[in-house]
Amino acid sequence: MSAPLTLRDVHAGVAPAWWPPAPGWWMLFAALLVVVTALAWWRWRKRRRHAAILHVFDMAIDGAGTPSQQIAAMSELLRRAARIQDPAADRMEGDAWLRFLDEGMPQPVFNAGAGALLLEGGFRADASVEQANALRALARERYLRWMQAK
C-alpha cells in the first residue's frame, strides 16, 4: 500500500498588478478622451462663431459714418437676422416690427425703450451718438441671439 498523502491548505493567489490596466479600462479611457475632445471642439467652435457674428455686426456699424447711418445699418442687420425666425419678418413695419424685436426679450426694449429709434432713426439728421450707442447695445444683443439660433 502506499503512504497516505499529506494535504496542505489552499494558498491565496497573487493579486493582479494595477499596471497595465485591463483592456476594458483602456477602452473606457479612449471613449472618455473622445467625448472630452468632442466637447472641447464644440465649445471652441461655438465661441469662434460667437466672435465672428459679433465681428460682422461691429464692422458693419463701425463702417457707417454718422449716427443715423449707424442706426440704418443696425436696422438692416436686424432685418436680415430676423429672417431666421420668420421669413416674412424683414417686411414688417412700425409697431409690428418693434413687437417682433421684443419677442423673447426679458422686457420690451424696442417697443417702449431706446429701440424705438429703429423706426425713424436712420432718416433723422439729429440722431445723437448717445442714442446710437444705446440702440447698438440692444440691437447687438438681439442680433446675436437670432444669429446663434441658426
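**View 1. Helix H2 gives the largest share of the second largest pocket's lining, four residues.** This is a predicted model, so to speak: local features need pLDDT of at least 70, side-chain atom pairs count only at pLDDT 80 or more, and totals for chains, interfaces and linings use all residues. Residues are numbered from 1 along each chain as its sequence is written, and side-chain values use heavy atoms, with hydrogens and water left out. The pocket has a volume of about 160 Å³. Of the 13 residues lining the second largest pocket, Ser-75, Arg-79, Leu-118, Leu-119 and Phe-123 sit closest to its centre. Helix H2 (67–85) and helix H3 (94–102) are the elements that give two or more residues to this lining. Helices here are DSSP runs (H or I, at least four residues), numbered from the N terminus. A pocket is an open set of points on a 1 Å grid where a 1.4 Å probe fits, with protein on both sides within 12 Å along at least five of seven lines; lining residues have an atom within 4 Å of a point. The volume is the space filled by probe spheres set on the points, which are joined across faces, edges and corners.

**View 2. Arg-136 and Asp-58 meet in a salt bridge.** Their side chains come to 3.3 Å, N to O. The pair links distant parts of the chain, with Arg-136 in helix H4 (residues 129–148) and Asp-58 in helix H1, 78 residues apart. A salt bridge is a side-chain nitrogen of Lys or Arg within 4 Å of a carboxyl oxygen of Asp or Glu. Both Arg-136 and Asp-58 are buried (under 20% relative accessible area; exposed is over 50%, partly exposed in between, with a 1.4 Å probe and protein chains only). Asp-58, Asp-62, Arg-136 and Arg-140 are linked in a network of salt bridges.

**View 3. Arg-91 pairs with Asp-90 in another salt bridge.** Here the closest N and O atoms are 3.5 Å apart. Arg-91 is exposed, at 57% relative accessible area, while Asp-90 is partly exposed, at 26%.

**View 4. Five residues make a nonpolar patch on the surface: Trp-18, Trp-19, Trp-26, Phe-29 and Leu-33.** Together they have about 690 Å² of accessible area, worked out by the Shrake-Rupley method with a 1.4 Å probe, and for residues only the protein chains shown count as cover. Patch residues have over 30% relative accessible area and no salt bridge; nonpolar side chains (Val, Leu, Ile, Met, Phe, Trp, Tyr) are joined within 5 Å, like charges within 9 Å. Trp-18 lies in the segment before helix H1 (23–63) and is exposed, at 74%.
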